[in-house]
Amino acid sequence: MSRIGKNPITIPEGVTVEHKDGLVTVKGKLGELKQQVQDIDVKIEDNVITFERTSDKSDQKAKHGLYRALVNNMIEGVSNGFTKSLELVGVGYRASNQGNKLDLAVGYSHNIILDLAPEVKVETISEKGKNPVVKLTSHDKQLVGQVAAKIRSMRKPEPYKGKGIKFVGEQLRRKAGKSA
């Protein structure tokens with residue numbers, strides 16, 4: 001049995017969870033999220049959600065832990081939110097934002113301007129002597145990760161000098177240069 005799928009989820013105060021026709025809806029102070037749940041029984045009793053399989057088929061075993069993790073991330077997101085931070089490493093690399101438009105200068109001939117989803121809040125931090133940081137915040141974990149990956153793909157970190165866009169705290173595999 002799935003170890004993750006077996007674990008019950010306790011619903012914190014201020015969060016409401018509804019299950020109707022295979023659709024789980026989670027509402028909280030930061031927003032509302034929906035997830036379709038198939039082949040798994042969802043039971044909500046006394047502020048505790050449990051997930052149970054109807055059979056031992058391999059696809060149901062795979063979905064058991066998956067749906068539990070997705071619903072747990074939804075509950076975590078609408079109550080606390082998720083944050084991803086990206087660091088721009090390189091001479092002349094800059095980031096600025098106007099509302100939900102992110103303007104990146106990462107070594108190309110023109111700046112890259114990205115229109116972000118309205119659910120994602122963006123903040124740019126530029127301090128003298130430090131690399132610029134782009135901070136993304138939202139209640140949807142999947143959306144924050146997807147937007148962060150899209151921004152990182154604009155200039156992936158290279159292995160020799162480490163220049164590029166990387167996640168804060170990410171360890172890069174560095175290579176030695178040419179040996180003389």
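This is a predicted model: local features need pLDDT of at least 70, side-chain atom pairs count only at pLDDT 80 or more; totals for chains, interfaces and linings use all residues.
Buried positions in H3 are Leu143, Val144, Val147, Ala148, Ile151 and Arg152. The buried residues of H3 pack against several strands, namely S7 (82–89), S9 (101–105), S10 (112–115), S12 (133–138) and S13 (164–167). At the N-terminal end, H3 is capped by Asp140, a side-chain oxygen of which lies 3.3 Å from the backbone nitrogen of Gln142.

Two of the strands against which H3 packs, S9 and S10, are paired with each other in the antiparallel sense over 4 bridges, and Leu104 has Ile112 in S10 as its bridge partner. The two strands form a hairpin in which 6 residues stand between them, and in the turn Gly107 has a positive phi of about 95°. In a regular strand, side chains alternate between the two faces of the sheet. Strand S10 has a covered face that holds Ile112 and Leu114, and an uncovered face that holds Ile113 and Asp115.

Asp115, on the uncovered face of S10, also forms a salt bridge with Lys101, with the closest N and O atoms 4.0 Å apart. Since Lys101 lies in strand S9 and Asp115 in strand S10, this pair ties together parts that are 14 residues apart in sequence. Asp115 is exposed, with a relative accessible area of 60%, while Lys101, at 41% relative accessibility, counts as partly exposed.

A search of the whole structure finds 8 salt bridges, including the two described next. Asp39 forms a salt bridge with Lys63, in which the closest N and O atoms are 3.1 Å apart. This pair links distant parts of the chain, as Asp39 is in the loop between strand S4 (31–36) and strand S5 (40–45) and Lys63 is in helix H2 (residues 58–79), 24 residues apart. Asp39 counts as partly exposed because its relative accessibility is 38%. In a further salt bridge, Glu52 and Lys43 have their closest N and O atoms 3.0 Å apart; Glu52 is partly exposed, with a relative accessible area of 33%, and Lys43 is partly exposed, with a relative accessible area of 34%.

Key. Residues are numbered from 1 along each chain as its sequence is written. Side-chain values use heavy atoms; hydrogens and water are left out. Buried means under 20% relative accessible area, exposed over 50%, partly exposed in between (1.4 Å probe, protein chains only). Contact means heavy atoms within 4.5 Å. A polar contact is a pair of N or O atoms within 3.5 Å; within protein, one must be able to donate a hydrogen and the other to accept it, and residues adjacent in sequence count only if both atoms are side-chain atoms. Two strands pair if DSSP finds at least two bridges between them. A salt bridge is a side-chain nitrogen of Lys or Arg within 4 Å of a carboxyl oxygen of Asp or Glu.
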